[in-house]
Amino acid sequence: MMRKTSVILLSAATGAALTLFVTQPRAVMMGSSARAATSDTYRQLNLFGDVFERVRSDYVEKPDDSKLVESAISGMLTGLDPHSSYMDAKSFRDMQVQTRGEFGGLGIEVTMEDGLIKVVSPIDDTPASKAGIMANDIITNLDDEAVQGLTLNQAVEKMRGPVNTKIRLKIIRKGQDNPIDVTLVRDNIRVRSVRARTEGDDIGYIRITTFNEQTTEGLKREIGNLTTQLGDKLKGFVIDLRNNPGGLLEEAVTVSDTFLERGEIVSTRGRNAEETQRRAAHAGDLTKGKPVIVLINGGSASASEIVAGALQDHKRATLVGTRSFGKGSVQTIIPLGSGNGALRLTTARYFTPSGKSIQAKGIVPDIEVLQDVPDELKSRTDTKGEASLRGHLKSEGDEKTGSQSYVPPDAKDDKALKMAADLLHGVKVNATAPATGDKAAIDKPANKVAN
């Protein structure tokens, strides 16, 4: 029987997980002490059964048995650490859609305004863009059902659906006297996790917002486009991982591999030594040794920290910004059968190539750059980090909490981006280098090394 495995890492805000679909039961051999412990466990389970029956029979209103069981499971898992949890069937499906990075839908980014759905922008080459949907359009009805009263998630769920199925939208557009009726046919929509642009006329800027199944493919495409567009003028690349909460571990490994020739990328270590796994790079640096600057901040977590840690340890990139979130644990998602959701269970810690755990510490950039924060936002621009989460796994040594996570909306105000550009242009900069920083990487962006 084949065991299907896929790996996910996310921050606390979105739920961290390493997915392992187990299809084979575990064989268990117990000695006398193990049998005694098991006997005590069953006594505790009998206590749970007694409480369950008392609630069912004596609670003031008749409870839903399935909700009681789900709540008990949730309480057990959330009591372990901030990242272990129970996902009901819907949450499990939503997670799978998120990590695939594709779904049947219309191809519009939307928000909610005054109880109605407002179009932020249509995505290029999708049913919405082909039908002429425009930014700032207001969607009032979906298949004759009024949007007013629905939550944003409920409206989005109604717009999604099987490919080749139809949905009718009623739209109010500024400058049009009458509502517009549009019928769209759902298509396969891919979420853009990678966006790129030129910075000046000689730097390739690449923003990675999450790590889903489309990320490495998108990264390689954008590196190729920027290399062709800038040609011999290309000084190097800025990889922006700020406020990226994580995603698929496999994608974090292959993204790291894009810039490395060889060497370990990450290791994961469980309760038992034999559970240790190591992931290594393969030959082929797609940037052909061009200098790389990685931007991180307090919102860079989990899979983002794997990429940043691997490139920093191999001196393949200079890290600029503020200390990362510090989520260094791995979760396994265990499906519980059709309609029963899944468990998200912490099963291991992960380590950078040098053997360093970032759990509750984060990754310290080679050059620290603090942004100028508007006064009205100063109380909301620091991320507390893993170490501030109740019940988090403890680290070895001092834990670190809190790091700036503000990114200016206008690139001209972005001090970290400006620092990255100066480094790639060889401008001598006055910068604060943390004690753990690499001085050589500060004076000159690191090129590819044998590792």
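Before counting, I settled my terms: a cavity is a set of grid points where a 1.4 Å probe fits but cannot get out. I also reminded myself that this is a predicted model.

**Cavities.** I counted 1 cavity of 30 Å³ or more by this rule. The largest cavity holds about 50 Å³ of space. I then listed its lining: Arg242, Ile296, Asn297, Gly321, Thr322, Val369, Gln371, Gln404, Tyr406 and Ala416. Sorted by class, that lining has 4 nonpolar, 5 polar and 1 charged residues.

**Confidence.** I checked the pLDDT next and found an average of 86 for the protein, with 87% of the residues scoring at least 70. Residues 1-28 fall below 50, and I noted 85 contacts for this stretch beyond near neighbours in sequence. Residues 435-451 are below 50 as well, with 36 such contacts in the model.

**Cores.** Which residues have the most contacts inside the largest nonpolar core? I found Ile206, Ile208, Ile239 and Val294, in a core of 37 residues. Strands S13 (203-208), S14 (236-240), S16 (264-269), S18 (292-296) and S21 (342-351) each give two or more residues to this core, and so do helices H6 (215-230), H7 (249-259) and H8 (303-313). H8 supplies the largest share, 6 residues.

**Threonine 258.** I found this residue in helix H7. Is threonine 258 buried or exposed? Threonine 258 is buried, because its relative accessible area is 3%, and buried means under 20%. Not counting residues up to four places away in sequence, threonine 258 touches Thr216, Leu219, Lys220, Ile223, Gly284, Asp285, Leu286 and Thr287.

**Alanine 280.** My last stop was in strand S17 (residues 277-280), where alanine 280 lies. Alanine 280 has 43% relative accessibility, so I logged this residue as partly exposed. With residues up to four places away in sequence left out, alanine 280 touches Gly263, Glu264 and Ile265. I also looked up the spacing to one of these: alanine 280 and glutamate 264 are 16 residues apart in sequence and 4.1 Å apart in space, C-alpha to C-alpha.

Technical notes. Residues are numbered from 1 along each chain as its sequence is written. This is a predicted model: local features need pLDDT of at least 70, side-chain atom pairs count only at pLDDT 80 or more; totals for chains, interfaces and linings use all residues. Side-chain values use heavy atoms; hydrogens and water are left out. A nonpolar core is a set of buried Ala, Val, Leu, Ile, Met, Phe, Trp, Tyr and Cys residues joined through side-chain atoms within 4.5 Å. Buried means under 20% relative accessible area, exposed over 50%, partly exposed in between (1.4 Å probe, protein chains only). Helices (H or I, at least four residues) and strands (E, at least two) are DSSP runs, numbered from the N terminus. Contact means heavy atoms within 4.5 Å. On a 1 Å grid over the protein atoms alone, a cavity is a set of points where a 1.4 Å probe fits but cannot get out, and a pocket is an open set with protein on both sides within 12 Å along at least five of seven lines; lining residues have an atom within 4 Å of a point. Grid points are joined across faces, edges and corners, and a volume is the space filled by probe spheres set on the points. Ala, Val, Leu, Ile, Met, Phe, Trp, Tyr, Cys and Pro count as nonpolar, Asp, Glu, Lys and Arg as charged, and the others, Gly among them, as polar. pLDDT is the predictor's confidence in each residue, from 0 to 100.
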